[in-house]
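Please look through the fold that follows with the backbone displayed.

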Amino acid sequence: MIQLYVPLNFLGVLYREIKQSLADMERLFALLDQHREVADQPDALPLQPHGGEVRFSHVDFSYEKNRQILFDVDFTIAAGSTTAVVGHSGSGKSTLSRLLFRFYDVDAGSISIDGRDLRQVTQSTLRSAIGIVPQDTVLFNDTIEYNIAYGRPGASREEMIAAARAASIHDFIESLPAGYQTMVGERGLKLSGGEKQRVAIARALLKDPAILIFDEATSALDSRAEQAIQAELKAIARTRTTLVIAHRLSTIADAAQILVMDHGRIVERGTHAQLLAANGAYAQMWERQQARPDEALASPRSDASE
Ligand code: ATP
């Protein structure tokens, strides 16, 4: 509907901005269905994930000509397992998730889910197979119920509440005078960073995707809130293929695989213990974070005062 009223160039700007943030991609696609940079092939098939193995095979990628961002990125996330990606700001971590969502097509190599190339499947089924808990959850100016139910339109109220319970936000919602009908978002009740992340987790739980992307917030929640969120995420990651874009190494020490990115390349990979033993870039980051536990990896290495 909105396309009828808003000039296309404005939509272009909106599209790029929201795409960049990864925050609100599902709604964006619903609004801008005709405005994608990639199109379904005429013979595209529905993706029916069984397990959800994710494979990046020798991927090269650039957003713009003459500025390559990813170089020969090659890894597999075994079905149901967790892979974490770490690396300094701009190293290409979020680009991996944008490509997995197929916002863009790769320049070389391929990306597949359960052996099926993303270019051969319909985007609608690809998107429903992947859930995201973004860095900064954007809440719609609507009720909490709407904001959670958005994860799966058509879900029953019971399912929505079950998701809120599993994300440990049900009791908080019930404590509000208007409960699930409380208006949130810019013009409603402001939720804390942790509460917003729980809404995002509830949304993702309701969607029940085979693949989950967790884009960790760069700004640390207080450590109790952080630990609680981590516990919830672990629980939902247990049964799905999970890609964590991590900014604090303490949260990913038990990932099955950790990829260390630098300038668009995977420069190290292994488990936490293997990477510490290798005594390379990861071990250095780990030491630095042990000394300054609140500093997110991706924050620009700054002279900001403590
Ligand atoms: P951060 O930890 O800060 O989120 P990141 O490792 O996730 O960083 P990416 O967002 O993947 O980094 O960006 C990798 C590189 O791609 C950066 O140099 C960035 O400037 C560039 N880039 C990202 N998006 C675009 C875009 N839409 N157009 C052109 N270049 C882009």
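Helices and strands are here DSSP runs, helices being H or I with at least four residues and strands being E with at least two, numbered from the N terminus. On that basis the secondary structure of the protein chain comes to 11 helices and 10 strands. The model is a predicted one, in which local features need pLDDT of at least 70 and side-chain atom pairs count only at pLDDT 80 or more, whereas totals for chains, interfaces and linings use all residues. Residue numbers start from 1 along each chain as its sequence is written.

A residue is called buried if 20 or more other C-beta atoms, placed from the backbone, lie within 10 Å of its own, exposed if 12 or fewer do, and partly exposed in between; 36% of the 306 residues of the protein chain count as buried. Two residues are in contact if their C-beta atoms, again placed from the backbone, lie within 7 Å. Of the contacts in the protein chain with a separation of 6 or more, 73% are between residues 24 or more positions apart.

Strands are said to pair if DSSP finds at least two bridges between them. An open sheet of six strands, with mixed pairing, has the order E6-E7-E8-E3-E9-E10. Strand E6 (130–133) and E10 stand at the edges with a single partner strand each, so one side of each is left without a neighbour in the sheet. Direction ignored, neighbouring strands of this sheet are turned by 20° against each other on average, where axes are lines fitted to C-alpha atoms, for helices over the stretch in contact, and angles run from 0 to 180 degrees between N-to-C directions.

Within the sheet, strand E7 (residues 211–215) and strand E8 (residues 241–245) run parallel and are joined by five bridges, with Asp215 standing opposite Ile245 in E8. Helix H8 packs on the sheet and touches E6 and E7, its direction making about 170° with that of E6. Helix H11 (residues 281–291) also packs on the sheet, where it touches strand E3 (82–87), E9 and E10, and its direction makes about 95° with that of E9. Strand E9 (residues 257–262) pairs with strand E10 (residues 265–270) in the antiparallel sense over five bridges, and Met261 stands opposite Ile266 in E10. The hairpin of E9 and E10 has two residues between the strands, and His263 there takes a positive phi near 45°.

A nonpolar core is a set of buried Ala, Val, Leu, Ile, Met, Phe, Trp, Tyr and Cys residues joined through C-beta atoms within 7 Å. The largest such core has 68 residues, and those with the most contacts inside it are Val85, Ile148, Ile201, Ala202 and Ile258. H8 gives the most to this core, with seven residues. Ala202, leaving aside neighbours within four places in sequence, is in contact with Ile148, Ala163, Ala164, Ala167 and Ile169.

Helix H6 (residues 157–166) has Met160, Ala163 and Ala164 as its buried residues. They lie on the same side of H6, because they cover an arc of only 100° around the axis, the arc being that of the directions from the helix axis to the C-beta atoms. Their cover includes helix H5 (144–149), helix H7 (170–175) and helix H8 (193–207). After H6 comes Ser168, with a positive phi near 55°.

Finally, Leu118 lies in the loop between strand E5 (116–117) and helix H4 (123–129). Leu118 counts as buried because 21 other C-beta atoms lie within 10 Å.
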